[in-house]
Amino acid sequence: MGIELVREARVNQPMTAELTLLNCLPKPLLNCSFTIEGIGLTDGKPITAKVGTVGAKQEAKASIDFKPTITGSNVLLVNFDSDKLKNIKSFIDVAVKE
């Protein structure tokens, strides 16, 4: 799973996580979604982006906006779900500046 932050993280400044996952299965994935969450990053609530159907050997892509609220080192947890793949998790460390 790919996780890329579009810009430098700053407190109370909106930012975007670009998320990707390759469907390596020979069949399409249905009801795909990415969910992000992180203490000090998503205001204590998970944020979900629905992707829909991802074809065989295709890439699921989503952009999710969030606003960090705490400075310092934080962890952004990303979860991918679909009808065939469940709870595919990854994370990225996010250094939030003042």
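Predicted model: local features only at pLDDT ≥ 70, side-chain atom pairs only at ≥ 80, totals over all residues.
Residues are numbered from 1 along each chain as its sequence is written, and side-chain values use heavy atoms, with hydrogens and water left out.

**View 1. The largest nonpolar core.** The largest nonpolar core has 23 residues. A nonpolar core is a set of buried Ala, Val, Leu, Ile, Met, Phe, Trp, Tyr and Cys residues joined through side-chain atoms within 4.5 Å. Buried means under 20% relative accessible area, exposed means over 50%, and partly exposed lies in between (1.4 Å probe, protein chains only). The residues with the most contacts inside this core are Leu19, Phe34, Ile36, Phe66, Leu76 and Phe80. At least two core residues come from each of strand 2 (15-22), strand 3, strand 4, strand 5 (59-66), strand 6 and strand 7 (88-96). Strands (E, at least two residues) are DSSP runs, numbered from the N terminus. In soluble globular proteins, nonpolar side chains tend to be buried together.

View 2. Asparagine 74 is buried, with a relative accessible area of 9%. A polar atom of its side chain lies 3.3 Å from the backbone oxygen of glycine 72. This pair is a polar contact, defined as a pair of N or O atoms within 3.5 Å; within protein, one must be able to donate a hydrogen and the other to accept it, and residues adjacent in sequence count only if both atoms are side-chain atoms. Not counting residues up to four places away in sequence, asparagine 74 touches Ile39, Leu41, Ile92, Asp93, Val94 and Val96. Contact here means heavy atoms within 4.5 Å.

**View 3. Threonine 42 and aspartate 43 in the loop between strands 3 and 4.** Threonine 42 is placed in the loop between strand 3 (29-37) and strand 4 (47-54), and aspartate 43 lies in the loop between these strands too. Threonine 42 counts as buried, at 5% relative accessibility, whereas aspartate 43 is exposed, with a relative accessible area of 52%. A polar atom of the threonine 42 side chain lies 2.9 Å from the backbone oxygen of lysine 45. Leaving aside neighbours within four places in sequence, threonine 42 is in contact with Ile36, Glu37, Ile47, Phe66 and Leu76. Among these partners, Ile36, Phe66 and Leu76 are also listed among the core residues with the most contacts. Aspartate 43 has a phi near 60°, a positive value in a residue other than glycine. The side chain of aspartate 43 meets that of lysine 45 in a salt bridge (3.4 Å, N to O).

**View 4. Lysine 57 in the loop between strands 4 and 5.** Lysine 57 is found in the loop between strand 4 and strand 5. Its phi is near 60°, a positive value in a residue other than glycine. Lysine 57 is exposed, with a relative accessible area of 55%.

**View 5. Salt bridges.** A salt bridge is a side-chain nitrogen of Lys or Arg within 4 Å of a carboxyl oxygen of Asp or Glu, and by this rule the count comes to five. Glutamate 59 pairs with lysine 61, the closest N and O atoms being 3.9 Å apart. Glutamate 59 counts as partly exposed, at 40% relative accessibility, while lysine 61 is exposed, at 56%. Aspartate 83 forms a salt bridge with lysine 84, with the closest N and O atoms 3.0 Å apart. Aspartate 83 counts as partly exposed at 33% relative accessibility, as does lysine 84 at 39%.

**View 6. Leucine 85 in the loop between strands 6 and 7.** Leucine 85 is found in the loop between strand 6 and strand 7. Leucine 85 and leucine 29 are 56 residues apart in sequence and 7.8 Å apart in space, C-alpha to C-alpha. Not counting residues up to four places away in sequence, leucine 85 touches Leu25, Leu29 and Phe80.

Note on methods:
Helix = DSSP H or I, 4+ residues; strand = E, 2+ residues; numbered from the N terminus.
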